[in-house]
Amino acid sequence: MADYLSNTPDQQIQMLKEIGLNSLEELYANLPQDLILQKPLNLELGQSEFKVYDTLKELASKNKVYKTVLRGAGVEYHYIPSVVKQLSNREEFVSAYTPYQSELSQGILQSIFEYQSSMCEITGMDVCNASVYDGATAAAEAIQMVIEKNRRKILVPKNIHPQVVSVMRTYTQWLNIEIVDVEYKNGVVDMDDLKSKCDDTCAALFIQHPNYFGLLEDVMDISQVVHSSGAKLVQYTNPMTLGYLKTPRANGVDIAIGEAQPLGIAMSYGGPYLGFMAASAELVRRLPGRIVGQTVDEVGKRAFALTLQAREQHIRREKASSSICSNQALMALTASMYLATVGPSGLKEVAEFSMRKAHYFASELVKIGFKLKYTGPYFHEFVTVSPLENTIMERVLDEINVLAGLSLSSHETLWCCTETTKKDDIDRVVSRLKEALV
Amino acid sequence: MSQLIFERTVPFRRAVRFDVCDVPEVKLDEKYVRLSKARLPEVSEVDIVRHYMELSRYSFGVDNGFYPLGSCTMKYNPKLNEFTASLEGFTSIHPDQPLSSVTGTLELMDQLSLSLMEITGMDAFTLQPAAGAHGEFTGLLLIRAYHNAHNDNKRTKVIVPDSSHGTNPASASMAGYTVVSVPSNDQGGVDVNALKAVLNDEVAALMLTNPNTLGLFDSNICEIARLVHEVGGLVYYDGANLNAIMGTARPGDMGFDVVHLNLHKTFSTPHGGGGPGSGPVGVKSCLVPYLPQGTLIKEAYGYRYIDARDTLSIGRMRSYYGNFLVNVRAYTYILSLGSDGLKSASQNAVLNANYMMNALKDTFPVAYPQTCMHEFVISLAQLKKETGISAKDICKALLDYQMHPPTMYFPLIVHEALMIEPTETESKESMDYFIQVLKDLKQLAYDNPQKILNAPYTTPVKRVDDVQAARNPILKYTFK
């Protein structure tokens, strides 16, 4: 058994004596005795490292690791540079607490400040918080940033990731906030429907760009409509794409949020991920979560500290706009390292190559009889209508160790390519699918 | 101190290079394309390594030294957990993979839930919440769904003790409740008479942690739970302090209806500089119908996730199923310790805290001087009055001794509070050293307070100006 105790039984006895007790059980003498468990927990006894590792390895080996992953929908397989894996594992970062004691934590604080700066740079925004749980909860938290007394409607197009909308609805179910659907036309936001619904009771429109179907939205046009009724524009985005695409800020967006898993974080079967929230300067006091600021110490040296804490739960308690305490700090550090490691050219390449691979794959699929469901421009994801039923297609590809795109309906598939998707693998997939069509 | 990574930029330097793209170029309409490259750092791999190595030197983790942060349970983070959480069969799995391709993961999640049920005495668990506060919000939504399903909609209030962690009332507000505070009695427990005075059919729930934030086990807990149930309310357990009682007592036996755990506290997963954590929520069977979408359930034919077809569910709390790799670490820990190790861990957490409290009780007044659980609170109010040296000043002085200070100014009901939680993994020698340092500092406060006011001396920066940080916020790097 490992218990990671340092003190030996002899030392424990000595310590017990010093406090006038004879046994560990006596430490609980003040508890109502009928609460004291009379039997051990019905769990196995502790095991050696050797045995535990074996057990976990066995479990992990029962999972299928696909060689080629063509499924995205917000979680993607990108190459994670070795230096990022190595350095993000340093025990000083991993085993540290939240940096409330500034003088002892300048390394952590500076790394968060750098993360905030990098995210502001790629989104074009003025402020970014130190992270929230994931992209979906970032969207839910952003609602509190835009709600006003007389603006309690949130417009959400139906082409946003369904899990994101679902979380937004869960978070607001007991608050006097209405979430209103906006239709899409040919896969993108229906401007007529938007105009009809965007009035002075709307707090904001949330869009996803590139959207759930991979399509590019006309964000500038949308922003004009939204702002003309006094509402705000929130863009949910995959930050990897911002290596190539115009910044949310340049498009007139007020708040940029999203899932930053593509920035150096493993797919991890759902978490831990990284929700980011960045906004224009005037919204800083409505941002939830921790924020690191630059300041000076007693002798004028540059230093960093958690700041604007009066927004947070430990100060405002029931008046806080969010209860968030623990965030995704280590994932933010990882993303920040990733962005420094790929640099501006590298991030552009990751985005551009992902886009090019997707377009190549799409054109090859079209050649063998697949149809693109939507005609508009797209980035690194796209939806096909297939002559083959999805369950058959998934099985066929599974046999060659490929995870097919996400099934949206019996014959519709959402495909994703990244810079890791090899042309050879695309060709292999297409050729196998061609065989299956015969 | 060190340069910012942006200040290390040398134009055209890069670390990672990608292979030449093997597919044709694509031109998107200009209107979509970025006007100029992001001004991310342009640095070499060596630059990156040197930079982050330097930042790591200016960080302090449990692996660096003593970390007696009350309420945080900074126990040792086992390295085995890092290896199991890095197994490719766990890390390289897309969350939308078919269930048949992830049977190992589903089994792990199921076994973890079963273990947590046994440890806490609850009937079912969801592993979805990403942190304790997220678990609190989930639990409160479960409570609200329960009352709503029973057409009991005048229950608009949630009661929290005045000693509670800030996330409790904040989470209650997020669920649309009004928060009512109930005072502590002179033993540090819930004042039962004050509680009775606010209990009525408008109360949805009482949120408690036990042991409480003073490190004391509230022996009225069963009666408190009964009183709340009597008026039709439910009782919520904040599991932040579970490290005191594993294997000895269980919240499910005390009458709690819903529980959250902090895996990054009790179950040894690392704090990561502020996260990621994991806040699984356990429930009694009456709340099972409302569990969130994305919760794994086992049915006759196999596993599935709660989804939109489960119409009573509170909905989805986040994407996918939870901070899975954090959950892997906790599961590894539970297997390593087992029933015997978990009990021993909690017993030693309590022993260590009592040992320190006993050694310090003649130096600083202990806020509530009875046997404590896994943490205790001392007050430096008298020291401040007599020497001008505050709890904060003592904490800053401690920084020079390569130890992390205790939690300061929490709970709010004790003046000049320092909350000390050594955890079970700390050795007698390191605790003795800390005790001696505190005694020395107290003496110094009387002999030469200025020496303390000028501390810290050996940290990379001197006392940081928090006021300026808030007054003139500089929240990102300004490019020249």
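Reader: Happy to start with contacts. In chain A, what share of the contacts with a separation of 6 or more comes from residues 24 or more positions apart?

Author: First, keep in mind that this is a predicted model. As for the share, residues 24 or more positions apart account for 70% of those contacts in chain A.

Reader: And what is chain A built from, in helices and strands?

Author: Chain A has 13 helices and 17 strands. Its C-alpha trace spans about 80 × 55 × 50 Å along the principal axes. Of its 438 residues, 66% count as buried.

Reader: Let's zoom in. Why is strand 8 of chain A largely enclosed by the rest of the structure?

Author: Count the buried residues, using under 20% relative accessible area as the cut-off. Strand 8 covers residues 232-236, and four of those five are buried, so the rest of the structure largely encloses it.

Reader: Which strands pair with strand 8 of chain A, and in which sense, parallel or antiparallel?

Author: Strand 7 (residues 202-208) of chain A pairs with strand 8 in the parallel sense over five bridges, and Ile207(A) has Gln235(A) as its bridge partner there. To get from strand 7 to strand 8, the chain passes through helix 9 (residues 219-228) of chain A, in a right-handed β-α-β crossover. Strand 9 (residues 255-259) of chain A also pairs with strand 8 in the parallel sense, over three bridges. There, Val234(A) stands opposite Ile255(A).

Reader: Now chain B. How do I read which way the side chains of strand 12 point?

Author: The general idea is that side chains in a regular strand alternate between the two faces of the sheet. In strand 12 (residues 417-420) of chain B, Ala417(B) and Met419(B) point one way while Leu418(B) and Ile420(B) point the other way, and all are buried.

Reader: Which strands pair with strand 12 of chain B?

Author: Strand 10 (residues 376-379) of chain B pairs with strand 12 in the antiparallel sense over four bridges, with Ser379(B) opposite Ala417(B). Strand 11 (residues 407-408) of chain B is antiparallel to strand 12 as well, over two bridges, and Thr407(B) stands opposite Met419(B).

Definitions and conventions
Residues numbered from 1 in each chain as written. Chains lettered and ligands numbered in written order. Heavy atoms only, no water. Buried < 20%, exposed > 50% of the residue type's maximum accessible area, 1.4 Å probe, protein only. Contact = heavy atoms within 4.5 Å. Pairing = 2+ DSSP bridges. Right-handed = clockwise from strand over helix to strand, strands pointing away.
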